[in-house]
Amino acid sequence: MSDQRLPPGQKRIDKFPVLQFGSVPAVDLAQWRLRLWGAVQTPCELDWETISRLPKTERIFDLHCVTRWSNYDTRWSGFTLQTLIDAGYLSLLPEARFVIQHAPGYSVNLPLSVVMSENFLFATHYDGTPLTPEHGFPLRGLPGVIPGRDDLQDVYLWKGAKWLHGLEFSAEDHPGYWERRGYSMQADIWKEQRYAENA
Ligand SMILES: Nc1nc2c(c(=O)[nH]1)N[C@H]1C(S)=C(S)[C@@H](COP(=O)(O)O)O[C@H]1N2
Ligand SMILES: [Mo]
């Protein structure tokens, strides 16, 4: 039987593998900041206390890694870009069209429209508990899939940075870590845009 939720070339697994380039950074929450800069009215740095007091958003996502594993019904909580805007921490300039997520030794680009969608979360908790170090503590960008929501643009999991510590807003698209190494700028899961030659 065909599984409508399984994108082309993917395989469903029940584990949540750890995947990254490089080692797991040690994070001291007292020193940690989320920096916001680029096409914004006022660049700023938010400390952990500020982040932890934001209103929480819960999401249930299917996750699809470009290495072909898919994990269904994962439960997350965190905040959205709209939460940062509503709280008064972020005011975008009209030219802002792309978001580059920054982490130690990693970056990744997405259109602002995708980061603003329901299938993207800034996650602080997985399955009711804070992120583990290997899954991105204390904060990760998380693109997921909400089954049945064909109106949303779905992208592979590399388009979310673990250990997220910076959001750069830009008028132009800039390739991130994997995009500079041949992976797709768009990364549309349903079009199987894994590599640059597929889109
Ligand atoms: N900072 C950082 N974020 C990253 C990566 C990475 O190497 N470094 N790898 C990406 C890839 S390819 C995937 S599949 C997911 C893996 O997340 P997980 O280890 O929680 O499964 O993290 C993404 N975010
Ligand atoms: Mo991945």
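Helices here are DSSP runs of H or I with at least four residues, strands are runs of E with at least two, and both are numbered from the N terminus. I start with that because aspartate 127 is placed by it: this residue is in the loop between β8 (120–126) and β9.

Good morning, everyone. A word on the ground rules: this is a predicted model, so local features need pLDDT of at least 70 and side-chain atom pairs count only at pLDDT 80 or more, while totals for chains, interfaces and linings use all residues. Residues are numbered from 1 along each chain as its sequence is written, chains are lettered from A and ligands numbered from 1 in the order in which they are written, and side-chain values use heavy atoms, with hydrogens and water left out.

Let's stay with aspartate 127 for a moment. Its phi is positive, about 55°, although the residue is not a glycine. Aspartate 127 is also partly exposed, with a relative accessible area of 45%. For that term, buried means under 20% relative accessible area, exposed means over 50%, and partly exposed is in between, with a 1.4 Å probe and protein chains only.

Glutamate 192 also has a positive phi, near 50°, and is a residue other than glycine. You will find glutamate 192 in the segment after β11 (166–170), and at 25% relative accessible area this residue is partly exposed. Why point these out? Most residues other than glycine have a negative phi, and most peptide bonds are trans.

On peptide bonds, please look at phenylalanine 137 and proline 138: a cis bond joins them, with omega about 10°. Proline 138 is in the loop between β9 (129–130) and β10 (140–143).

Now to the ligand. Which residues come nearest to ligand 1? Of the 18 residues around ligand 1, the nearest are Pro17, Phe21, His135, Arg140 and Lys162; a residue counts as near if one of its heavy atoms lies within 4 Å. By class, that shell has 13 nonpolar, 3 polar and 2 charged residues. In this scheme Ala, Val, Leu, Ile, Met, Phe, Trp, Tyr, Cys and Pro are nonpolar, Asp, Glu, Lys and Arg are charged, and the others, Gly among them, are polar.

A backbone N or O atom of proline 17 is 2.5 Å from an oxygen atom of ligand 1. For leucine 19, a backbone N or O atom lies 2.7 Å from an oxygen atom of ligand 1. With histidine 135, a polar side-chain atom is 2.5 Å from an oxygen atom of the ligand. On its own, ligand 1 has 530 Å² of accessible area, and the protein covers 98% of that.

Next, asparagine 71, in strand β5 (residues 69–79). Is asparagine 71 buried or exposed? Asparagine 71 is buried, with a relative accessible area of 5%. A polar atom of the asparagine 71 side chain lies 3.1 Å from the backbone oxygen of lysine 15. Isoleucine 13 is 58 residues from asparagine 71 in sequence, yet their C-alpha atoms are 5.7 Å apart. Isoleucine 13 itself is in the loop between β1 (11–12) and β2 and is partly exposed at 23% relative accessible area.

β2 brings us to leucine 36, which belongs to that strand (residues 33–38). Leucine 36 is buried, with a relative accessible area of 2%.

Two last stops. Threonine 129 is in strand β9 and is partly exposed, with a relative accessible area of 45%. Threonine 129 and serine 77 are 52 residues apart along the chain, with 9.0 Å between their C-alpha atoms.

Then there is glutamine 82, in helix α2 (residues 81–86), partly exposed at 36% relative accessible area. How far apart in space are glutamine 82 and aspartate 62? The answer is 22 Å, C-alpha to C-alpha, for two residues 20 apart in sequence.

Thanks, everyone.

Notes:
A polar contact is a pair of N or O atoms within 3.5 Å; within protein, one must be able to donate a hydrogen and the other to accept it, and residues adjacent in sequence count only if both atoms are side-chain atoms. Accessible areas come from the Shrake-Rupley method with a 1.4 Å probe; for residues, only the protein chains shown count as cover.
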